[in-house]
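Visitor: I would like to go through the labels used for this model and see what each one rests on. Please set the values against the cut-offs.

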Amino acid sequence: MLERIRKGLQAQFDRYRIVFWYDPTREFREAFDGLSLDGVEKVELANTEFAVKHRILRESPKHRFLLYRNGPRPADIDNWLLDVELANVVFKTDQVAIWLTDLGLPISFEDVLRDHQEFFRSSRRVEKLKTVVRGDDTKPVLRLRMLGICAGADGGFDTVVEALLAELAESKDDTLRLIGRVGLDGFLWDQMARHFGYHADDPSIGDFGISLFKSCYRSAVGGEPILTSDALVFFRRWKNNRNAGEVFAKLAANYAEALGIAEDLAKRDFRTLIEIDYFEEVDRAIIRALVHEVSAQTVAQADVLSWVRQRRQSHWYGAYRDLYEAIGFAAEFQQAMTQVALGMTSLAEGVQRYAKSWFRIDQLYRKFIWHMQKSGQATLMRELSEQVENHYVNSYLLRLNEAWQTHVDGAESWSAAPISAQRGFYREHVGEFRRRDQKICVIISDALRYEVAEELLGRIRSLDRYEAAIEPVFGSLPSYTQLGMASLLPNGDLQIADNDTATVLVDGQSSQGLENRKKILAKGRPGDRTTALKAEELMGLDKDQARALVRDHDVIYVYHNLIDAIGDKQVSEERVFEAAEDTIEEIVRLVKKLNGANAANMIVTADHGFIYQHRPIEESDFSSAQVEGDTILYRDRRFILGHGLKANHGLRRFTPAQANLQGSVEVLIPKSINRLRRQGSGSRFVHGGATLQEVVVPVVKINKKRQSDTSAVEVEIIGSSNQMITSSQISVRFYQATAVTEKTQSRQLRAGIYAQSGELISDRHDLVFDFRSDNPREREIPLRFLLSRQADAFNDQEVVLKLEERHGETSHFREYRTARYRLKRSFSNDFDF
């Protein structure tokens, strides 16, 4: 107590020379006697007023005095020191006075402290209040600060409401009970009414919460809101606050049923809901509608992609991302199917057209299936899945390969000149670098289909300072692992072993296994230092070991196997598209690992591609042709090896010479996409045959540049010609100046309107600029900002629309672009919509 009195007195002496201290209950005499203040003379008033007055005014007019009376303050008429007292200050020692002194507040705030004494009985709350109270605070501002401390909120009134809603979501009311105990509950509801227009005979946070959701939803669907526009601004900020995400979602779920949201949505066209994300049921309604519309092909692809893109801003997008992505890819697939022409005049043209555009249909199909699987919503997506599957298999995969089969049947040999043959890979592609005495690292990913490699190409090119290009080579036939891997090695004589193993010999040496491949690789070019290793081994090397690997070798082969390992097993073949996604990520890591070890030149290629149909294979997909021959050495789902094999209507025969191989083993290939029956093996994922998907093999060449070559798209603010804000809202358009490419990347910004002081006076929006369209009109985002009540304080002043960009992964933002407006609003509209 003595220390608090000392501090209180010291605070008064900081502003006054003379301080009076009356002790009407005579309980502080001991404190007065024990008190010591630097530069202050203590004087007790005991019928010595005239002498004291002479002393403090005439004898020591510059000294500081503490005048203590052990008793009550005399009446003014009897107070000889009244004039001195009025010119200085009286120190009060009741608890409220001590609090006032402690907080540095004037006596005019005494009623506030007396009304809320329970608040000040906590030293923790008082200490917290001392850190935030300001000399120019008004009584309402002081109460607002007290409210914030009770709620554990550091900001304005909005943060108090957020804290109360957070407790509501947890079915707790500790903060609300504390606010009532300290006497601030009346002030709380007054503020609710003033800020948000919330009025109720028996107000509660629960009732406010449901009123808030109801009002904002009404406004969004064109109805009459029951709260003010400030409530909508608060609602949007709260909804978009990452820290409040779980609370918002929980309350939205609680109120959706009470407000009959599902029933209301059933009456509405999904197009009117695209900008609304106040309830999870909105996303579900939109997705159900889109699945039906896209399945029926009654909506344009551009519209679907636009809607899907807009839904990225939804609060629940993370939960439904895969469904939206699947719908978007389905729409793109349908559009691609309407534009595709599947004719060709030769094997070479077939390969060229596949590598130029047809691969995209396989890619879109894969992306659709992958996201559909990942969503776990097979029942919801059944209608669309069946439509895409039927279209893919019957209108594309079958038709394309039947047209292709005509040229396969007519070919005298397995060649598509001028397309390079896969078995010439080492001479043409590895040799290209070695002839310039440049080191080369080759990553061979088993079953990396051309369309998967094309997606990988985009990922690589999007990395800073990486350049990459893709081209096709004509895969060896049959398109199975042993032959494809052998074809990528230096070879002169390439033949299939005359036994039941399907092993491939390179110049008489078995190419089966890593050690044999190392030996063959060593024979490639005299003087070259070569090696081979598995991808897992490479990733397990530390930095020095990886650098030594690159330093000590001229040619490095890295073998990666995920797609084939997953797809080639009946129990896991349905996960092959998941394996394709993972393969892209793993190869990117391998490329970075090699580059970090000073490898500047890399090639990514494959042994073969594959066919995959998500739906279980029907009877018609199996070949009815009988396999006949003198000797059947090896039988697979897509090829037969043997001697004296017989061709027929369903099987195409190749002699070793026709297949561009040596030896005596002949090959039978089922025509088009037909499979051969094989006990215990999967049938959806297959390879070994002659379809374009199996034999167009990618070669991706990657080079690391010295200079940065990536940038983000530029974004411009397109306002109205009148740079004046005259109402409670303003519409603005944002324009992405160029299309997104691998090297010109997307940009994420947040937008809001601020006072010159930096205070946010509108709702705030997170924006993603990732448009790939070459049409400028399709790269615009129109946006409407709602001003908050705080904007009133800045009327007739300049305000700033800011676009801000997050700094890396931090919570800090930097200013990207601004536009200035004059706020000149009439208050008569009272924020009408």
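**Labels and their cut-offs**

Guide: Helix H10 is largely enclosed by the rest of the structure, because 10 of its 13 residues are buried. Buried means under 20% relative accessible area, exposed over 50%, and partly exposed in between, with a 1.4 Å probe and protein chains only. This is a predicted model, in which local features need pLDDT of at least 70 and side-chain atom pairs count only at pLDDT 80 or more, while totals for chains, interfaces and linings use all residues. Residues are numbered from 1 along each chain as its sequence is written, and side-chain values use heavy atoms, with hydrogens and water left out.

Visitor: What makes H10 a helix, and how do you know that its span is close to the expected one?

Guide: Helices (H or I, at least four residues) and strands (E, at least two) are DSSP runs, numbered from the N terminus. H10 covers residues 157-169, which is 13 residues.

Visitor: Which residues of H10 are buried, and what covers them?

Guide: Among the buried residues are Phe157, Asp158, Glu162 and Glu167. The cover includes helix H9 (139-151), helix H13 (205-220) and helix H15 (245-258). Contact here means heavy atoms within 4.5 Å.

Visitor: Why is the pair of glutamate 44 and arginine 29 called a salt bridge?

Guide: A salt bridge is a side-chain nitrogen of Lys or Arg within 4 Å of a carboxyl oxygen of Asp or Glu. The N to O distance in this pair is 2.8 Å, so it qualifies. The pair links distant parts of the chain, with glutamate 44 in strand E2 and arginine 29 in helix H2, 15 residues apart.

Visitor: Why is glutamate 44 called partly exposed, and glutamate 59 exposed?

Guide: Glutamate 44 has 31% relative accessibility, so it counts as partly exposed. Glutamate 59 has a relative accessible area of 51%, so it is exposed.

Visitor: What separates glutamate 59 from arginine 55 in helix H3?

Guide: About one helical turn, because they are 4 residues apart. Their closest N and O atoms are 4.0 Å apart, and the pair forms a salt bridge. Arginine 55 is partly exposed, at 28%.

Visitor: Are arginine 449 and glutamate 451 buried or exposed?

Guide: Both are buried. Their side chains meet in a salt bridge at 2.9 Å, N to O.

Key: Expected span 1.5 Å × (residues − 1).
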